[in-house]
Every structure is written in C-alpha cells, then in structure tokens.
Amino acid sequence: MGLLSKIFGKKNVAEREGEPDMVYVPSEDERMNWAIEKANLTLWYFEESLKNQQPYQNYFSIKVLITDGDEGEHIWLTDPHFDDEGNLFGTVGNEPVNIRSVKFNQKIGIKRDLISDWMIIENGRLIGGYTIRAIRDGVAEKEKAAFDNSIGLYIDEGVDHFKANLETPEGAILAIEKAYNNKDIDAAIACKDFFEEAKSLLSVMKMEIDQDIINETAEVLKLSFINNIEEHGFPDFSTIQNAFPERKKVDETHWVITEVCWYPDGGKSVQLLNTYKSPKGWVVLGPAGPQE
C-alpha cells in the first residue's frame, strides 16, 4: 500500500504505477473549495508568467475538470498555453482513472472556466498548487515530510499573487501595502473604512453607541492613522513576500484573513487581519490579533 493510501484510506486513493497516486476529496470539502477558488483568483499570475517565462521558473502545469458522462476527474495538463480568446490547450499529464474521454499524452483544448488549479516551480519552490496544499493540509504533521517526498516537491506556505485591488480581502491587504510602499497616504486611506472600524471597536468594548459616537470615533481613528504615519513613516513591504493560507468568515461582509510574511533576513511573521466588504469593495480594518 502506498503512502497516500495509508494516510487517506485505500478507498480514497487510486494508486497508479509510475505516477503519483490520485487522492479523492469530497466536493463539499471546504479546504478544496477554497483551493479551487484561490487558484482562479490568482490565475492571472500563471498566465502572465507563461507569456514571460523567467529563468527561475522551470515547470508549468494547470489542472482542469474533465467530464465523461456522469463521471468527472481533475487532471493536470502539461505544456499549457492559451489562445487569444483565453481558451486553454495542453497535454494530458497522467493516465485518467475515472474517465475514458481523454488519455495520457493526448493534446486537448478546454474552456478556462473548467480550470481548478495551476502550479509553477520557481527555484525549486511550489507556487500555486492549491489543491495539492489542500490535500497536504489533511495529512498528519508527522507524515508531511513523507508526503512531500512522495510527490517530489518543496512545499511551504507559498507566495500568493492576488491582484492588489479591492476585489478580494487579500487584494485589499496587498493594496494598502502597495500604498505604503509608494508613500501614498490617500491610496492607503482608500483601503480603509474608519466608520466600520469604529463600529467594530465600540462593539468589542460593549459600549452604548449611537451615530454621533461612531462618527467621532471614526474621525479619531483616521487622525490617529495619519499621525502615526507622519510620526513614524510608512511601513515598508517592498522586500516582503506574502501568502494568505486561510480565510475565516465572521459574517457575509466580515472576514479574518491570515497573512504570512517572509523577510529578506529569513524571518517570518503571521498575523490575522480584519477585512470588510464595503460599498467600494473590500477594505482593511486592522489587526485581529497575532497568531504567532
């Protein structure tokens, strides 16, 4: 019995001679659903990298859902490329288990909305590969090194490439960090919502609040934010690499985002950040408290 069969149970793993084992993950698995969503939110980086490959990027692959009647299977494609309309083409990279509509080494074309993951190897490090990470997260800590060896990849939290805009909570965090790097106080303020931050702060303090108190607190928070930058300068995120391994939903408009930062000296920090979906998009309210 192979390693993955031992970890996940034989009925959940298809062992394939000469190829990595395939792990079956329930479609309702939250980790896997987030992995697929994250892959699509960061797909732009894969596409841009594919167009402008760098010497340190030595492997590209993309994962797609292929159906055959009532059966479906997520399969990695090698030699991927996109046409001008964004359709995907590639070569089936492994022998399918559940479907017969495609076969190993077959060149196929497929719609981009069937993409479920992507991966690049950069200097030996896995970038993307979110479904691989989701499977790995379900592995016992003592088995993770063996898991990594079984698939021949170096896996850490990775580096995520959300777009730095207000379309996602992670993008809002990157947008305010970009504003800091550019020393642009107006852009940084645009990534905030001091009124909502005041409401959150006052609710934690369990105070009786009305609109005037919220407005006054929001003004104080804004002035404090500006004064802190004027006194201490802008934080510098220009040499930091980021990953966002987890989202935690508070309600429909509030999410706590885990951000991991790597520093040039090899240091690492993990912080939890409150984000809020405002009328203008996602914004950063402030820290939710340290994780490490």
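This is a predicted model: local features need pLDDT of at least 70, side-chain atom pairs count only at pLDDT 80 or more; totals for chains, interfaces and linings use all residues.
The structure holds eight aromatic pairs.

**Aromatic pairs**

- A pair of aromatic rings is described by how far apart the centres lie and by the angle between the planes.
- In the pair of Tyr45 and Trp118, the ring centres are 6.2 Å apart and the planes stand at 45 degrees, so this pair is tilted.
- Distant parts of the chain are linked by this pair, since Tyr45 belongs to helix H3 and Trp118 to strand E7, 73 residues apart.
- Tyr45 and Trp118 are both buried.
- Trp118 also forms an aromatic pair with Tyr130; this one is edge-to-face, with 6.0 Å from centre to centre and 90 degrees between the planes.
- Because Trp118 lies in strand E7 and Tyr130 in helix H4, the pair ties together parts that are twelve residues apart in sequence.
- Trp118 has a relative accessibility of 0% and therefore counts as buried; Tyr130 is buried as well, with a relative accessible area of 4%.
- Through ring pairs, Trp44, Tyr45, Phe46, Phe60, Trp118 and Tyr130 are linked into a cluster.

**The sheet and the helices packed on it**

- Strands of a sheet pair through backbone hydrogen bonds, and the pairing may be parallel or antiparallel.
- Here, six strands form an open sheet with antiparallel pairing, in the order E6-E5-E4-E3-E7-E8.
- The edges are taken by strand E6 (107-110) and strand E8 (125-128); each has a single partner strand, so one side of each is left without a neighbour in the sheet.
- From one strand to the next, the twist averages 35 degrees.
- Seven bridges join strand E3 (residues 57-68) to E7 in the antiparallel sense, and Ser61 stands opposite Met119 in E7.
- Helix H2 (residues 30-41) packs on the sheet and touches strand E4 (71-82) and E7; the direction of H2 makes about 65 degrees with that of E7.
- Helix H3 (residues 43-51) likewise packs on the sheet, where it touches E3, E4, E7 and E8; the direction of H3 makes about 50 degrees with that of E7.

**Nonpolar cores**

- The largest nonpolar core has 37 residues, of which Phe46, Ile62, Ile66, Leu88 and Trp118 touch the most other members.
- Strand E7 (residues 115-122) gives the most to this core, with five residues.
- Leaving aside neighbours within four places in sequence, the contacts of Ile62 include Leu43, Phe46, Ile75, Trp76, Leu88 and Trp118.

**Helix H4**

- Helix H4 (residues 130-137) is largely enclosed by the rest of the structure, because seven of its eight residues are buried.
- The buried residues of H4 are Tyr130, Thr131, Ile132, Arg133, Ala134, Ile135 and Arg136.

**Thr168**

- Thr168 is found in the loop between helix H5 (144-151) and helix H6 (169-181).
- With a relative accessible area of 9%, Thr168 is buried.
- A polar atom of the Thr168 side chain lies 2.8 Å from the backbone nitrogen of Gly171.
- Not counting residues up to four places away in sequence, Thr168 touches Leu41, Phe162, Arg247 and Trp282.

Terms used: Residues are numbered from 1 along each chain as its sequence is written. Side-chain values use heavy atoms; hydrogens and water are left out. Helices (H or I, at least four residues) and strands (E, at least two) are DSSP runs, numbered from the N terminus. Buried means under 20% relative accessible area, exposed over 50%, partly exposed in between (1.4 Å probe, protein chains only). A polar contact is a pair of N or O atoms within 3.5 Å; within protein, one must be able to donate a hydrogen and the other to accept it, and residues adjacent in sequence count only if both atoms are side-chain atoms. Contact means heavy atoms within 4.5 Å. A nonpolar core is a set of buried Ala, Val, Leu, Ile, Met, Phe, Trp, Tyr and Cys residues joined through side-chain atoms within 4.5 Å. Two strands pair if DSSP finds at least two bridges between them. Axes are lines fitted to C-alpha atoms, for helices over the stretch in contact, and angles run from 0 to 180 degrees between N-to-C directions. Rings of Phe, Tyr and Trp (its six-membered ring) pair if their centres lie within 6.5 Å; planes under 30 degrees apart count as stacked, over 60 as edge-to-face and the rest as tilted.
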